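This report describes the strand arrangement, helix packing and charged side-chain contacts of the structure shown below.

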Amino acid sequence: MHHITTAPVAPIAARTRWAVAAGAGAALAAAWWLGDKAPYPYAQRGLLDLPLPFLTADRMDAVLRPRPGERILEIGPGTGLQSLHVAPQLGPQGRLDVLDIQQEMLDQVMRRAERDGLATIRPTRSDARELPYPDGTFDAVYAVTALGEIPEPDRVLREAARVLAPGGRLVIGEFFDRHWIPFGRLHRLADAAGLHLTERRGPSPAYLARFRPCAADTPGHQNEHLAHRDQDTDDGEA
């Protein structure tokens, strides 16, 4: 007489469920990565208000150093997370210009500014590769998680250097995503644009860096290159 045996099915089913879940997770991750378009879609604007590790308001203040009476430009303000924090620090005599390629984002910033009673924010719809401002207009320029979304970031950096007043400062914040610019690459692009590094906070996947226009290749400038060379070599950029 033949005995018919059956293998336990529960472990197989469990393994199958885990495999399906893992496959679904991988598919969702791939969809997020491949669907992360530039400029950032207005339909996903809610995600822009989420605080990012290492790019906190306190760190932003420490690197940007906004002061009353200054005129500052923000490139790619999104829905205004940084704008609404920086503008009040400039006081009634100061001014924050916000520039974006998407009118919907600018409208969102201005609605929030009106809600908060901020009258010192001025929106401009334009391409950051051709800033519509005269030379030396701004005390500071900053772009947080925006530079990597703009084609030809080298042109953006050159334009930022052009519109900075003498002694002005440029702050770039980057966070790891599909359009992330590793710090090593940013440092080289900034050098080519005539900007030298004065401060960096955070690791390459989530950092804030401040630059100033290079008046001359002074010994101090050379020392800054030497001081940050070791940081550039471990950023993982191909």
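Leu73 stands opposite Asp97 in β2. The model is a predicted one, in which local features need pLDDT of at least 70 and side-chain atom pairs count only at pLDDT 80 or more, whereas totals for chains, interfaces and linings use all residues. Residues are numbered from 1 along each chain as its sequence is written, and side-chain values use heavy atoms, with hydrogens and water left out. Helices (H or I, at least four residues) and strands (E, at least two) are DSSP runs numbered from the N terminus.

Strand β1 is joined to β2 (residues 95-100) by five bridges, and the two run parallel; two strands count as paired if DSSP finds at least two bridges between them. β1 also pairs with β4 in the parallel sense, over three bridges, and Glu74 stands opposite Tyr142 in β4. Four of the five residues of β1 are buried, so the strand is largely enclosed by the rest of the structure. Here buried means under 20% relative accessible area, exposed over 50%, and partly exposed in between, for a 1.4 Å probe and protein chains only.

Strands of a sheet pair through backbone hydrogen bonds, either parallel or antiparallel.

Strand β4 (residues 138-144) and β5 run parallel and are joined by six bridges. The bridge partner of Ala140 in β5 is Arg169.

## Helices on the sheet

## The surroundings of Arg169

Arg169 is located in strand β5 (residues 164-175). Its relative accessibility is 2%, so Arg169 counts as buried. What does the side chain of Arg169 reach at 2.6 Å? The side chain of Arg169 reaches the backbone oxygen of Leu64 at that distance. The Arg169 side chain also makes a polar contact with the side chain of Glu70 (2.6 Å). A polar contact is a pair of N or O atoms within 3.5 Å; within protein, one must be able to donate a hydrogen and the other to accept it, and residues adjacent in sequence count only if both atoms are side-chain atoms.

## Salt bridges

The structure holds 15 salt bridges, each defined as a side-chain nitrogen of Lys or Arg within 4 Å of a carboxyl oxygen of Asp or Glu. One of them brings together the side chains of Arg65 and Glu199 (3.5 Å, N to O). Arg65 lies in the loop between α2 (57-64) and β1, and Glu199 in strand β6, so the pair ties together parts that are 134 residues apart in sequence. Arg65 counts as partly exposed at 39% relative accessibility, while Glu199 counts as buried at 13%.

A salt bridge also joins Arg129 and Glu152, whose closest N and O atoms are 3.0 Å apart. This pair links distant parts of the chain, with Arg129 in the loop between β3 and β4 and Glu152 in the loop between β4 and α5, 23 residues apart. Arg129 is partly exposed at 22% relative accessibility, and Glu152 is partly exposed at 36%. Asp127, Arg129, Glu130, Glu152 and Arg155 are linked in a network of salt bridges. Within helix α5, Arg162 and Glu159 are three residues apart and thus separated by about one helical turn; the closest N and O atoms of their salt bridge are 2.9 Å apart.
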